[in-house]
Amino acid sequence: MAKTAGRTARDSVWLKEKPPRGGRGGQPSGLDRERITAASVRLLDAEGLAKFSMRRLAGELNVSAMSLYWYVDTKDDLLELALDAAYGELRLPAEDDAADWRERLRALAAEYRSLLVRHPWLSRLAGQYLNIGPHSLDFSRSVQRTLGRSGLPAHRVMGAISAVFQFVYGFGTKEAQFMGRIADSGLTPDDYYQQARNSVREDPHTADFVQESRQIMEARGRGTVAELMGRDFTFALDLLIAGIEAMVERG
């Protein structure tokens with residue numbers, strides 16, 4: 001039988017036997033897994049996932065590329081570590097926090113959205129790996145316990161989590177890509193948005209649609225790009241929470 005190509009679930013860095021604390025014998029001095037992971041996050045933020053390589057990372061750390069392999073077996077291992085390190089930035093509610101589940105859920109959703117925008121590379125990796133690192137599990141545990149307070153029966157909790165956090169994932173991913181495109185233009189978000197609106201309004205292929213949408217856009221209100229997106233996000237999240245409340249009332 002031919003050997004199956006590609007990675008398996010067991011290839012996760014979190015499911016491999018860990019080396020002794022401090023690395024394997026004979027490892028280069030001045031390096032450790034935490035330092036390498038932190039440098040990976042900084043490099044991913046600065047240059048993106050497409051340009052990330054072990055050789056590029058080694059250059060940032062002023063070591064040889066082979067030195068990194070004392071601490072990780074593959075580039076995938078390192079990306080998994082970077083992904084979980086980013087999840088460690090999330091501010092999670094304390095377990096004894098008595099806040100209403102709705103407020104806890106709003107706070108968790110806002111944190112996740114900000115994380116996706118702050119690290120545009122994260123959304124792809126979150127869909128690629130198992131997300132079973134310690135920080136990722138802390139986030140998942142907090143989300144589960146928060147929705148567990150809602151009154152939903154246990155077999156509906158995962159569906160509610162999917163509804164809320166797949167929405168946040170999509171919103172945050174698109175927002176991060178939009179902000180990246182704006183940054184590449186050299187314009188401020190508000191100038192870019194205004195130029196884009198003017199261009200669409202003047203183009204004969206889209207002018208009719210703009211006219212049809214005028215009432216909706218005007219009713220949306222004024223403000224900066226950040227304010228408009230913030231209002232859209234908040235209302236969409238409120239709709240989802242209202243749906244959960246309605247399902248609880250139905251029993």
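Ser 40 counts as buried because its relative accessibility is 0%, below the 20% cut-off. The model is predicted.

Ser 40 sits in helix H1, which spans residues 33-47. A polar atom of its side chain lies 2.9 Å from the backbone oxygen of Ile 36. Beyond its neighbours within four places in sequence, Ser 40 touches Phe 52, Leu 57, Leu 78 and Ala 82.

**Helix H1**

At the start of H1, a side-chain oxygen of Asp 32 comes to within 3.2 Å of the backbone nitrogen of Glu 34. After H1 comes Gly 48, with a positive phi near 90°.

**Helix H7**

Helix H7 covers residues 134-148. Its buried residues are Ser 136, Phe 139, Ser 142, Val 143, Thr 146 and Leu 147. These residues lie on the same side of H7, because they cover an arc of only 125° around the axis. An α-helix has 3.6 residues a turn, so residues three or four places apart point the same way. The buried residues of H7 pack against helix H4 (75-87), helix H5 (101-118), helix H8 (154-185) and helix H12 (225-250).

**Helix spans**

| Helix | Length | First to last C-alpha | Expected span |
|---|---|---|---|
| H1 | 15 residues | 21 Å | 21 Å |
| H7 | 15 residues | 21 Å | 21 Å |

The reach of H1 is close to that expected at 1.5 Å a residue. The reach of H7 is also close to its expected value.

Note on methods
Residues numbered from 1 in each chain as written. Predicted model: local features only at pLDDT ≥ 70, side-chain atom pairs only at ≥ 80, totals over all residues. Heavy atoms only, no water. Helix = DSSP H or I, 4+ residues; strand = E, 2+ residues; numbered from the N terminus. Buried < 20%, exposed > 50% of the residue type's maximum accessible area, 1.4 Å probe, protein only. Polar contact = N/O pair within 3.5 Å; in protein donor to acceptor, adjacent residues only side chain to side chain. Contact = heavy atoms within 4.5 Å. Expected span 1.5 Å × (residues − 1). Arc of directions from axis to C-beta.
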